[in-house]
Amino acid sequence: MLGEGILKGMAETARNFVGSYFSAERMTTVEYPEERIAPIEAARVFPFLVYDTENWEAGLRCVACQICEKECPPKCIFIEKSKDKKPDAIGKPQFYPTRFDIDISVCMSCQICVEVCPFEAIKMDNVFELATDDRFGGLLLDRKELAKSNEYYHGIHPTEAARVDARLAAEKVKADAKSTAAVVASAVKGAERPAPPAAGGV
Amino acid sequence: MTDTAFRREKMEEGWNRPPLIEEDGEAELLEVAMGPHHPSTHGVFRMDLALDGERVVRLKPVFGYLHRNHEKIAEGISYLASMPYTDRLDYICSLTNNWAYALAVEKLVGQQVPERAEYIRVILAEFTRIQNHASSIGFLIQEMGASGTPLMYAFREREKILDLFEELTGSRMMCNYMRFGGCRVDTSAAWLDAARKVVDGLPGFVDEFENLLSTNEILMARCQRVGILRPELAVNAGITGPMLRASGVNYDIRKVDHYGIYDRFKFRVPLGDHGDIYDRYMVRILEMRESITILNQALRDIPGGPIMDAKAKIRGFRPKPGEAYGRIEAPKGELGFYLISDGGPNPYRYRVRPPSLINLTVLEDMCLGSNVADVVLIFGSVDIVLGEVDR
């Protein structure tokens, strides 16, 4: 019969229409911004820098190795490395970034900086409501705007942050054992003959 | 058959009156520039049409509005850094783009991929195929004038699949998930359960879609015997994917190459008979059904183990000098990446074989002699994404 297919299709739409009054699963839209979906843990928007201690400047994990700057596909990261070394959160002397800018108008949220960072210093944020009327200065974030505490990181990516903390703690234990061993070795060596200046602890 | 002879025959097909083109008679033709801001062009694409009344006499595709230097950029950055750019080729199916590129690099360096990662890749690629076909049919029907309903049904289902992608990869469309020698993050048991739940709902969705469309008289009247692509022309022009199979040529790279682990799954390759728009529609519907069977098998058999090869390198990745071509059956056709390495950290040459662009080359042959309204449909049935055409 001509028109049978059309009627069949209409029955299908009618079923969907009526079904939307009874089944919550058929209501697929959320009325943003009044209603929001809880953010997904894996969500990634733009990077931020993690710091450990109270002071954001002293506690930055970044040691300005510039690997992320080199690997960044659209080249949106600008780093200036310090001339001097400063003790980091564990007390080891390290370089630090005197300037760390991310141009989030260029950033494409690919997470490669996070993957290549050997120091777990840069992570992905999940804040997405970043609209601004200043499209140049307002979208160029400097290191103060980028710095977020480790607690904040735990808040947005709990499982990932716990894994990172465990790894860093294990590395610290290993480094401590190594430096004690180096101190002991140099002490033993020093007992035999005058020690060369500062061999261990790097 | 020569090109002009073919054209003449095409033009004479279905004409009830002698053609109005005189020897010098270009004046009788109306030239229309469709696009680049035409809603049916899926982006920015222009068709320069020469019309005789309602009939298409000439069609010149003009593209490149979205050219963003993808291949040249890739020559200046590291191998890994090209991965997020591949997401932006065919932005509907970023995961299959990732896979094709990862496959090419793995071929270049002789990298093995762990079992579990292969299964995850298959699962994600088949999900991608389903959501691509669903939305491409939705767009096709939308261009027919059924504004909204089938497209919204397709998007409702696509949303569930994108939610899965987001939970796993962190992004809905720009997934940037696969790596040379595996995948970036592992799937949790909860994710696999959620995926199984989505797969269980998919056959119902395809049934619904078919009830809605397959026997619809308007759809059949508009689609059958329109935009016919002959198998000889399809093969000669290098057409791949659902378009080629709709013309009745049995060629599926999943069956031909058995890349990844596709030889372990039981699935059939749907073939069309006439090569018209309706066959392309039907082949896509049937491919969705076959993808569901692959997904069921993969989700049942997925083993444990690592997702990244232990020998894979993230930093300091420098392949030995050589070249490689990796290709997969992307939802739109054969997607290939050709790489030449000179031993440095960047590829010496990086070339994409985009299925959308090559499938578009027969557009004129399919459109000649048909109405302007059919051109929109024929164009929609090719299923292109301009991000991939222009690169």
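Mentor: In chain A, strand β1 (residues 47-51) runs parallel to β8(A), and the two are joined over 3 bridges. Strands here are DSSP runs (E, at least two residues), helices are runs of H or I of at least four residues, and both are numbered from the N terminus. Two strands count as paired if DSSP finds at least two bridges between them. Within this pairing, A:L49 lies opposite A:A147 of β8(A). This is a predicted model, in which local features need pLDDT of at least 70, side-chain atom pairs count only at pLDDT 80 or more, and totals for chains, interfaces and linings use all residues. Residues are numbered from 1 along each chain as its sequence is written, while chains are lettered from A and ligands numbered from 1 in the order in which they are written.

The pair belongs to an open sheet of 3 strands in chain A, ordered β6-β1-β8, with mixed pairing. β6 (122-124) and β8 (147-149) of chain A are the edge strands; each has a single partner strand, so one side of each has no neighbour in the sheet. From one strand to the next, the twist averages 50°, an angle between N-to-C directions, on a scale from 0 to 180 degrees, of axes fitted as lines to C-alpha atoms.

As for the rest of the chain, chain A has 7 helices and 8 strands. Of its 202 residues, 21% count as buried, that is, with 20 or more other C-beta atoms, placed from the backbone, within 10 Å of their own.

Notes. Buried ≥ 20, exposed ≤ 12 C-beta atoms within 10 Å, placed from the backbone.
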